Amino acid sequence: MALRSRVPVGLPERRYCWGSSDPSVISGSNVTDDEAENNASKALDWQVEHDKDSAELFYSTYTAQLSSKRKGMEAEGKTWNYRDILAQFITMHNKNSNVLLIWSGDWPAYSSNSDKYYVILAGEGFDSTDEAWNWCKANNYGLNDCMPIDLQ
């Protein structure tokens with residue numbers, strides 16, 4: 001069976017409060033680390049709010065989860081901060097413009113986990129977990145980097 005993905009149709013044009021993956025855009029040359037973290041946190045929250053309507057399409061269909069991170073989390077050889085999470089989202093978005101950012105606390109699929117995370121979703125829709133796994137493999141994501149999810 002051919003891999004079939006659906007890109008949401010009829011959604012408003014996506015706009016972003018960031019526009020560059022250049023770290024100086026987030027932090028600037030005269031900005032303290034605390035200010036840069038605060039700016040990145042605000043940008044993440046803005047993106048989560050902006051992507052909410054698009055993410056709601058995945059209540060009844062599968063997409064792929066590409067990452068879940070929170071400030072202070074130790075993973076991939078570092079302790080993550082807001083700037084790192086935002087940079088990861090921007091990098092993934094540059095690879096795939098359908099990528100969405102959600103806050104796990106807003107969605108029933110994550111309700112059993114007391115820790116809350118910023119979650120990066122592929123933004124592609126699939127009818128089954130098998131289709132989502134096939135998409136992960138076709139896009140060179142490993143088993144630990146990509147998994148099917150519906151947000152119900």
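Predicted model: local features only at pLDDT ≥ 70, side-chain atom pairs only at ≥ 80, totals over all residues.
Me: What about Tyr59 and Trp107, how are the rings placed?
Reply: Their centres are 5.4 Å apart and their planes at 55°, so the pair is tilted; planes under 30 degrees apart count as stacked, over 60 as edge-to-face and the rest as tilted.

Me: Where do Tyr59 and Trp107 lie?
Reply: Tyr59 is in the loop between helix 2 (33–55) and strand 1, and Trp107 in the loop between strand 4 (100–103) and strand 5 (118–121), so the pair ties together parts 48 residues apart in sequence. Helices (H or I, at least four residues) and strands (E, at least two) are DSSP runs, numbered from the N terminus.

Me: Trp107, buried or exposed?
Reply: Trp107 is buried, with a relative accessible area of 5%. Buried means under 20% relative accessible area, exposed over 50%, partly exposed in between (1.4 Å probe, protein chains only). Tyr59, at 30%, counts as partly exposed.

Me: Which charged ends sit over the ring of Trp80?
Reply: That of Lys69, 4.7 Å from the ring centre, and that of Lys78, 4.2 Å from it. The rule asks for NZ of Lys or CZ of Arg within 6 Å of the ring centre and within 35 degrees of the ring normal.

Me: Switching to helix 4. Which residues are buried there?
Reply: Glu131, Ala132, Trp135 and Cys136.

Me: What do they pack against?
Reply: Strand 1 (63–69) and strand 6, with contact meaning heavy atoms within 4.5 Å. The face turned away from the buried side carries the exposed residues Asp130, Lys137 and Ala138.

Me: And which residue does the disulfide join to Cys136?
Reply: Cys146, with S to S 1.9 Å; the cut-off for a disulfide is a pair of cysteine sulfur atoms within 2.5 Å. Cys136 is in helix 4 (residues 129–138) and Cys146 in the loop between helix 4 and strand 6 (147–149), ten residues apart.

Me: Why is it called left-handed?
Reply: The torsion about the S-S bond of Cys136 and Cys146 is about -65°, so the disulfide is left-handed.

Notes: Residues numbered from 1 in each chain as written. Heavy atoms only, no water. Phe/Tyr/Trp six-rings, centres within 6.5 Å; stacked < 30°, edge-to-face > 60°.
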